[in-house]
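Okay, thanks for making time, everyone.

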Amino acid sequence: MSIRNLSRIALVTLAVGLTATFACLVPDAARGEAWAVSAPWIPSAELAFALRLDALSLVFALIVTGVGAAVFAYAASYQTERTGRFHALLALFMVSMLGVVLADDLVLLYVFWELTSITSFFLVGFEHGSASARHAARHALLVTVLGGLCLLAGLILVGAAAGTTRISELLERGDLVREHGLYLPALVLIVIGASTKSAQVPFHGWLPRAMDAPTPASAYLHAATMVKAGIYLLARLSPVLGGTAAWSGIVITIGALTMVVGAVRALGETHLKRMLAYSTVAVLGMLTTLLGVGGEHAVLAALLYLVAHALYKGGLFLYAGAVQHEAGVSRVTELAGLLRAMPRTAVAGALAAASMAGVPPLIGFLGKDVVYAATLPDAWGDALGWTLLGVAFVNNALMVAVAIAVAGRPLLQRAGAAPDGARDGSIGLWAPPLALGLVGLVAGLLPGSLAPLLSAATETVAGAPVGGGKMALHGFTPQLAVGLATLAAGAILFALRGRLRRAGASVARALRLEPAAGYEQVMRVVSWAAERQTDLLQSGVLRHYLAVTVAGTGALVLAGVVAEPPTELPIALAGLRASDVGLALLVALAALAVTQATSRFTAIAAMGTVGLGVALVFHQLGAPDIAMTQFVVDVLNVVVFVAAFHHLPRLEQISRRRSRVRDAALAIALGAVMATVVLATAATAPDETVSDWLVAASVPQAHGRNVVNVILTDFRAIDTLGEITVLATAAFGVVALLRLRIRESEA
């Protein structure tokens, strides 16, 4: 058996095994039990590698592994090149996504969160020979990583407000967080992080572009799992951040806008995968809106529709991939007669599309029924219910039209022949989407199979249990009537799709609503700013770099002095010797001579005088070893400058009076600031000197009696390593230049 086949079998076995393991835990999780494991990770920061599985985590874990098993089986037949690498990336993503939903520590959650972004980048750009795939991968990475940085800041603020990073402990301190001054900035930052990952407006543009990824990756990441990470985050932190006017206003507004934009753009598309991508954006907006509404009914509706969407949208993406793989057509307007040409694939697509449209008795119909029950005015008793009901109705009607366009028309329309070569592929291409469709059918027929787990998960989020009867049909109810009206409205919208598509295209052109328009505009601004910054800071003149470095260092030090000004400066002039004053004047006058010299010889001699004067100062203070080092270094500098004398540019060409005055002012200012810092430090220094401490600590801490060696190898080890690195780099550079010169002379 080949390594490729082994990787396929191992991947599917892993997903199926994990799904079976999680499925065995459903009865216990439905009773409210949770499993936790923890191991020390960064003890100094009180961080642990903590994992916890409760009902909410189990719902998402079953989606990740269950849909993953179908996608992995599909990928074994779909992917033909670099199969091992593709399977490895899918497996890494599954582990990362499981880490997100199982993490019981905020920092650990963030680590796995970023791992999903990285693996998504590699999967979207898997066909790296395509420029559009590379651009789409970069777009997705930049948006999600930017959101990840906002999320990290928000999680840090929440942890600071609650006094813990352990999520299980955090959930019990919601009142403390909501009353803290950091609540609002933490809420905004976390919502931004969740919005970028779950493609909420205005960050939704990356998801349609990500359809350049291979179909298994699109089905797994961008329909069923990764885009649900933001939904999971909002659900998990809802007991901590929810229940306030700020939470409801921000989350509901973002979700409602995303619903409308995604649904309208989905009906306006003709590309099969992009149409599905925009409909995914609309559903993600609906889930976000329901979590913003809060309450046990809305949360139950969100979780049930989450499961329904994972099943039918995963199946639809796999159906679309099979059609493109076998028929070679990607636009719905070019597809017809697939029921006869691809009957098995057609059945799988029809089941998924019917669930998406909300046709009974599929799980999609049950999900929409519970959504309408949660958004009806009777449930909330105010204008918010009517508004949400209207938005949900329009969104779902557009989803019905999209479902008909994706599967109904291509399968049932007889006009026109099926594309050449259209036929059912291998069993690996039609069995996985068919399996997802059948699971959705069984779940719709037997809602009691999902009720205990979803009820327990709802209690975890909303804090109140919901009876399983909420998921069962109760005859002709108001929500059933609204659901049937949705099907009729969707059929009408499909009949008018041509006019709506043209109108939508006109509006999109007028408002520049292309998915990548905002991103490209931002990138152009960033590129312009980078060019201006480079022109300003990267002048290519070493003197300018030194001036900026000196000025920046002085400003930072001065800011510290101003923040905590010294109370006293010990200046004991009585103990000064004439030699000390003379050396100080010598160094100062020599430094001034360097800045005013117009001759190379004068500048070099003055610079050498500065170094020798500093060496004498060290000698006067009782540090002959440092003085000797200073003396040797300065003599070497003078010799090198003199040796390279005729290669140096004329001073008049690089140094003008104005720049000299500026440089002198910078030097004097930095010297004054540093002198103030040294004096202030001396005023607060302990009686014990550094030398005494080094001598006393040499043996007990570093186990060495040679104090100088201990300082170099232990107390200043990093400094010594840096010096060695600099010398080694310089040596390599010299050797490279000498070899280059030898080659030129030989040539």
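So, aromatic pairs to begin with: rings of Phe, Tyr and Trp (for Trp, its six-membered ring) pair if their centres lie within 6.5 Å, and planes under 30 degrees apart count as stacked, over 60 as edge-to-face and the rest as tilted. Searching the whole structure that way turns up eight aromatic pairs. Before I go on, the caveats: this is a predicted model, where local features need pLDDT of at least 70 and side-chain atom pairs count only at pLDDT 80 or more, while totals for chains, interfaces and linings use all residues. Numbering runs from 1 along each chain as its sequence is written, and side-chain values use heavy atoms, with hydrogens and water left out.

Back to the rings. How are phenylalanine 86 and phenylalanine 126 arranged, stacked or edge-to-face? They're edge-to-face, at 5.0 Å centre to centre with 70° between the planes. Phenylalanine 86 sits in helix 4 (residues 83–102), and phenylalanine 126 is in the loop between helix 5 (106–124) and helix 6 (131–162), so this pair ties together parts 40 residues apart in sequence. Helices here are DSSP runs, H or I, of at least four residues, numbered from the N terminus. For accessibility, buried means under 20% relative accessible area, exposed over 50%, and partly exposed in between, using a 1.4 Å probe and protein chains only. Phenylalanine 86 is buried at 0%, and phenylalanine 126 is buried at 0% too.

Next, tryptophan 693 and phenylalanine 715: their ring centres are 5.3 Å apart and the planes are at 55°, so we call that pair tilted. This one links distant parts of the chain, with tryptophan 693 in helix 32 (residues 690–702) and phenylalanine 715 in helix 33 (residues 707–715), 22 residues apart. Tryptophan 693 is partly exposed at 36% relative accessibility, and phenylalanine 715 is partly exposed at 30%. There's also a cluster, where ring pairs link Phe72, Phe93 and Tyr220.

Histidine 309 is in helix 15 (residues 296–327), and it counts as buried because its relative accessibility is 0%. What does histidine 309 touch, leaving out residues up to four places away in sequence? That would be Ala223, Lys228, Thr280, Val283 and Gly314, with contact meaning heavy atoms within 4.5 Å.

Last stop, alanine 551, over in helix 26 (residues 542–563). Alanine 551 is partly exposed, at 32% relative accessible area.

Definitions and conventions. Helix = DSSP H or I, 4+ residues; strand = E, 2+ residues; numbered from the N terminus.
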